[in-house]
Amino acid sequence: MNPIEFPLNTQAQDIILQAINLREQFSNEYLMPEHILLALVNNKPIQNILASYFDIAQLVTDTTQYLTDNKDENISLNEVEFSALGNTLCVNILANADFSHTEEISVPFLFHGLYYLENSHASYLLHKNQTGVFAEALQKLIILFEDNKQPHTTSPITEEDPNEEAPATNTYFYLNDHTDLHTPVIGRANELERIMQILCRKEKNNPLLVGESGVGKTAIIYGLAELINKDEVPLKLTHTKIVELNITQFLAGAQFRGQFEERIKNFMENISSDGQTIVFIDDFHLLIGAGTTSDSSIDAIAMLKPYFDNDTIRFIGCTTYEMYNKIVSKNNLITRRFHQVDIHEPSVEDTIQMLQTKVEKYETYHHVKYTPEAIEHAVKASAQYISNRHLPDKAFDLIDEAGAYSQTHRPSSDDPDKIYPIEKELIDAILFKVCKIDAKVLQSKENNNLLQTLEQDILSQIYGQNHAVTQLVEAIQMSKAGLLDDNKPIASLLFVGPTGVGKTELCKVLAEKLGITMIRFDMSEYTEKHTVAKLIGSPAGYVGYDDGGLLTSAVNNTPNCVLLLDEIEKAHSDIFNILLQVMDYASLTDNKGQKTDFRHVILVMTSNAGAQYAHQANIGFGSRVTAGNAMMSQVKRTFKPEFINRLNDIVVFNDMDETMAEMILNKKLSQLQTKLKNKNIHITISEEAHKLLLTKGFSKEYGAREMDRTIHSYLTTLLTKEILFGSLKDGGDAHIEVHEEKLILNHPQI
């Protein structure tokens, strides 16, 4: 590292320049920590302070002797570079400055870094010639060079001598001095009032903020600090200061017994002396168990207990519901002394205001300008489509992603100061990537034309089920129009009809036309009670717990899909209970307590229930019962009322008739022609052959699957032998005719 590039304030620069001069004087190859040490102790104001804590004369003598012993007559003094330990010193000092939220390095940072620089002669000499407490010397240097105006720039905790008293001041900063960092507190008046009411109590005056990650718990504390600065708080809270305590920094480097406890004690005694301090602890649950060892069960909570009961100092904690229920609520020491304040997710309207207030920071950073429509859309879209996260955090992330995307997709030749607009369309593009929402037709107004022609597009491939297709498309169109409940799946439908009439095929075609994935579960695999665990995951302690559930994992990976549960009547009754909450609240909780969002799922269940009674509908004199009514009657016997009541619709499929069979035959033959064309084969089918296939393949009982079997048995087998061993081995033309109720292949005469 080049010394010139080191970010120093004026006084620290003077010390480094003196160190460079000492390097030339002693003819040393590199700039070493010992040069900086000698420059420090030669400085008169610094010398006057350190004289009470170090043997300065001996320190100067020892350092001078070390530099003399490392003299090198043949070096070039033109280039100045740090030694290896010098570079380590710089890295440590920069890290300490970053922890202390300081941009420039001051003299106390240099002195602190030298004292704790492992394996260095400078640190060895300081410890050897030490006559007083290092922490006191450091504090006096801070007062000398910084006039004690920045208590938050005191040195972070580092590894210390186990026999030495820990510094009186540790890593912390006053939130009141950093109000520029806060998120505007909008829509949180009730929560702030409750927090201030608890803080004004004489005893047990400690609020504990509990809420999901990302709802703005920490932002509320920054807002409280701003209110204190503006004197917009009750009299008991005026002139108070909020200090943030980061427990992980107290643990860092505390490898000797008693070191962590001493740091906690020094910290609390230092900040509680004036009786006007509020200690803010983020991730409050980390205190429980922090600092325990194999031979000691005393943790940070036990160490802080005397201060919890002291009415001269107050605490504010923050944690999530998960950690509160799992860890905090089981500790009576905390629940007796802290009052829970629930922090709920802000409304969409409040989040829009928050975003409008803070968006300028993102605009400045990304050199962009967010349109008002983009800001509003980012909040509403994130609320609707990003699950398992919470406002306002996910809305801020979305606009930040859009700004980053704008930066990475700019021409390199453009003006770097040019401001780029962020429109609603870019927010949509980012959203589709983040949420894996691929079916833009379900969200974008520009793609309404696809929905308008969706019914005709499906009917071009699904024959004889016009009413069923109409019901399905209408349900999707109503969801797109916003006329259905936003907290339910796009559609929850039950397809009822005989086998082979197109129930599953309709789902495949729908997914294809919408451009989304179809996820299929064969419910005949879930007939036993224990198989329910396969869908949502095994309970804790059972095999497969870490694997998750097949259904919840599939929807999490592809949240916008056609979810087909085939032959639902064969599933165990417990699975119907699971589906009730999916159809009612579009949510399903897995074995680990994580909620899966089903709001963008088209849920389709198929059933053959009642199909065997459909053909008996009109048997008997004067009977007016239709096939559909006969099937519906049986469906109501098969499924519970609460299940049927949550369906958007029950779609009844028609039986196979001759017209439908002929259309299916033509479709299957067309698909076969396409496959043969890839092999340079063209076939023509005579009218008699076509009629034979239709007669053999038409079956009301087995539907289109019988047509597949007929084509395979009569035609595909014939073509297979000719393609592999016969006249069509190299391609060609063939004519299919009928001979003695069998199909034969003839070649047209040339």
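Strands here, like helices, are DSSP runs numbered from the N terminus, with at least two residues of type E for a strand and at least four residues of type H or I for a helix, and two strands count as paired if DSSP finds at least two bridges between them. Both strands belong to an open sheet of 5 strands with parallel pairing, in the order β10-β11-β14-β9-β15. Its edge strands, each pairing on one side only, are β10 (517-522) and β15 (649-652), and the twist from one strand to the next averages 20°.

Two helices are described against this sheet. Helix α25 (residues 550-557) lies across β10, β11 and β14 and runs at about 175° to β10, while helix α26 (residues 573-585) packs on the sheet and touches β9 (491-496), β11 and β14, its direction making about 140° with that of β14. Such angles run from 0 to 180 degrees between N-to-C directions, with axes fitted as lines to C-alpha atoms, for helices over the stretch in contact, and contact means heavy atoms within 4.5 Å. In the loop between β11 and α26 sits Glu567, which has a positive phi of about 55° although it is not a glycine.

## The protein as a whole and how the model is read

The protein contains 32 helices and 18 strands, and 49% of its 750 residues are buried, where buried means under 20% relative accessible area, exposed means over 50%, and partly exposed lies in between (1.4 Å probe, protein chains only). Of the contacts in the protein with a separation of 6 or more, 73% are accounted for by residues 24 or more positions apart.

Residues are numbered from 1 along each chain as its sequence is written, and side-chain values use heavy atoms, with hydrogens and water left out. Because the model is predicted, local features need pLDDT of at least 70 and side-chain atom pairs count only at pLDDT 80 or more, whereas totals for chains, interfaces and linings use all residues.

## An enclosed strand

Strand β4 (residues 277-281) is largely enclosed by the rest of the structure, because 5 of its 5 residues are buried. In a regular strand the side chains alternate between the two faces of the sheet. Both faces of β4 are covered, with Thr277, Val279 and Ile281 buried on one side and Ile278 and Phe280 buried on the other.

Strand β3 (residues 241-244) runs parallel to β4 and is joined to it by 4 bridges, and strand β5 (residues 313-319) pairs with β4, also in the parallel sense, over 5 bridges.

## The three-stranded sheet

Another open sheet has 3 strands in the order β16-β17-β18, and its pairing is mixed. The edge strands are β16 (681-685) and β18 (742-746), each of which pairs on one side only. Strand β16 runs parallel to strand β17 (residues 732-739), joined by 5 bridges, with Thr684 opposite His735 in β17. Helix α31 (residues 687-697) packs on this sheet, where it touches β16, β17 and β18, and its direction makes about 65° with that of β17.

## The second largest pocket

The second largest pocket holds about 750 Å³ of space and is lined by 25 residues, of which Ser387, Asn388, Arg389, His390 and Lys595 lie nearest its centre. Two or more lining residues come from each of α14 (321-326), α18 (393-408) and β13 (595-597). The lining divides into 5 nonpolar, 11 polar and 9 charged residues, with Ala, Val, Leu, Ile, Met, Phe, Trp, Tyr, Cys and Pro counted as nonpolar, Asp, Glu, Lys and Arg as charged, and the others, Gly among them, as polar.

A pocket is found on a 1 Å grid over the protein atoms alone, as an open set of points where a 1.4 Å probe fits, with protein on both sides within 12 Å along at least five of seven lines, and lining residues have an atom within 4 Å of a point. Grid points are joined across faces, edges and corners, and the volume is the space filled by probe spheres set on the points.

## Local backbone features

A cis peptide bond, with omega about 0°, joins Leu391 and Pro392, and Pro392 lies in the loop between α17 (372-385) and α18. Ser27, in the loop between α1 (10-26) and α2 (33-42), has a positive phi of about 55° although it is not a glycine, and at 15% relative accessibility Ser27 counts as buried.
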